[in-house]
Amino acid sequence: MHGAEVTSRIDAAWAVLDGVLDPEVPALSVCDLGLVRELRGADDGGLEVVLTPTYSGCPATEVISDHVRDALDAAGLGPTRVSLRRAPAWSSDWISSEGRRKLREYGIAPPGPAGESTVHFIARGVACPRCESLQTERLSAFGSTACKSIYRCLACREPFEHFKAI
Amino acid sequence: MAVASINVSAAPRVRYVLRLADTALIHAQRLSEWSGHAPVLEEDIAFSNLALDLLGQARALLTHTAALDGQGHDEDRLAFLREERDFFNLTLVEQPMRRSSAHAPGGDFADAVLRNLFVSVWFKLQWQRLRASTDSGLAAIAGKAVKEARYHQAHAAQWTVRLGDGSAESGARMRAALARAWPYTAEMFIDDEVDADAAQAGLGPRRSELRADWRAEIDAVFAEAMLEAPADTAFVSTGSRGVHSEHLGFMLAEMQHLQRSFPGGRW
């Protein structure tokens, strides 16, 4: 296979992955979330994809791996092999600016910067994704999935989810 | 139908990882008993999330143990096909969570809050050091888990302060729970030949290395919570050596029942 062909195949694969959505936050693709760490052509003409899981216990990890493999195979770019890589550990800092915009539009306040030593247990200055007010308060440290907590806007009175900085 | 139980290598390097795995697994199993029963909805969700993180850590550690053991086992076989004496978790985490028992911590939300605090600080200190492990697989698991443990600690500390420095009733319950749990913390800092080997091989810290840092963090939370650490006692529990309280057997009977009755059964 020529170099140019490989490049276009990889580009096509990235385009496919940009359409593979997170099952628990279906506004974002696996690329927006920064889960895809590597994508390369294999010697046998297939693809190798390296994913980094978000949380140790995230029940979506296996589903995401399956969806990535199935989508690439269905696009005729396979056979695809998906492997998981734990180090370096995933950080919410890896969510792209495009991903942050999509989160906000979906009604989830995006995470602030993840610190190494300090725990922003009650994150300050979380803007309401609906009215952008900073007058918000946390209702619950944990939410419907491992990656989110629950807030309420004191200006428009709407509850909303906040993607935790980790 | 009976399913044969399995044995795992007793080599110190396997045992070191397995002790961590079992403590995470059994702690997760107990915490999940609050699902659907916590005093408020937010805590119901919180306990389920904490348990899920710990279960994820346990799965990674058990998978790593199985690789080190080299007998072809996997995470499920290690969780479901070992006998009670082949589990090496801290005795504290197998204590009843929601049911009280005459001589065991448990039965009150205050017990759950304190257990979470003690174990999350201990795990956090372990993970911080294990990030530099000579075992790259273990270091990778630690790099992820340390972030989760920090969050768990923050949650437990917040509740410890809220209840300890809350009403007369909540403060009294926290002090009673503290008196029940404290004797079980001694085991967290007792070294044996597994620790000696791990320290020498650069695998990870000896347990005794964690004691001073753990105590400093706990005391800082207690100062804010108006609680005082009880005097240490001579009692040292021995779950890490496979000698458990009467509670683990009952718990495993429930946890392992399906895989024992329907070998290899899948969801």
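1. Helix α9 of chain B bends by about 45° at B:Met255, the bend being the angle between axes fitted to the seven residues ending there and the seven starting there. This is a predicted model, in which local features need pLDDT of at least 70, side-chain atom pairs count only at pLDDT 80 or more, and totals for chains, interfaces and linings use all residues. Residues are numbered from 1 along each chain as its sequence is written, while chains are lettered from A and ligands numbered from 1 in the order in which they are written.

2. B:Leu248, B:Met251 and B:Leu252 of α9(B) are buried. Buried means 20 or more other C-beta atoms within 10 Å of the residue's own, with C-beta atoms placed from the backbone; exposed means 12 or fewer, and partly exposed lies in between. The cover over the buried residues of α9(B) includes α1 (12–31) of chain B.

3. Chain B has nine helices and zero strands. Helices (H or I, at least four residues) and strands (E, at least two) are DSSP runs, numbered from the N terminus.

4. For 267 residues, a compact globule would have a radius of gyration near 18 Å, and chain B agrees because its value is 18 Å. The radius is taken over C-alpha atoms, and the globule rule is 2.2 Å times the number of residues to the power 0.38. Of the residues of chain B, 47% count as buried.

5. The largest nonpolar core holds 107 residues, of which B:Ala21, B:Ala58, B:Leu61, B:Val113 and B:Trp122 touch the most other members. Such a core is a set of buried Ala, Val, Leu, Ile, Met, Phe, Trp, Tyr and Cys residues joined through C-beta atoms within 7 Å. Helix α4 (residues 109–130) of chain B gives the most to this core, with 14 residues. The core also draws at least three residues from each of domain 1 (3–84) and domain 2 (97–163) of chain A, bounds that come from an automatic or database domain assignment.

6. Leaving out residues up to four places away in sequence, B:Val113 touches B:Ala156, B:Trp159, B:Thr160 and B:Leu163. Contact requires C-beta atoms, placed from the backbone, within 7 Å.

Note on methods
Two residues are in contact if their C-beta atoms, placed from the backbone, lie within 7 Å.
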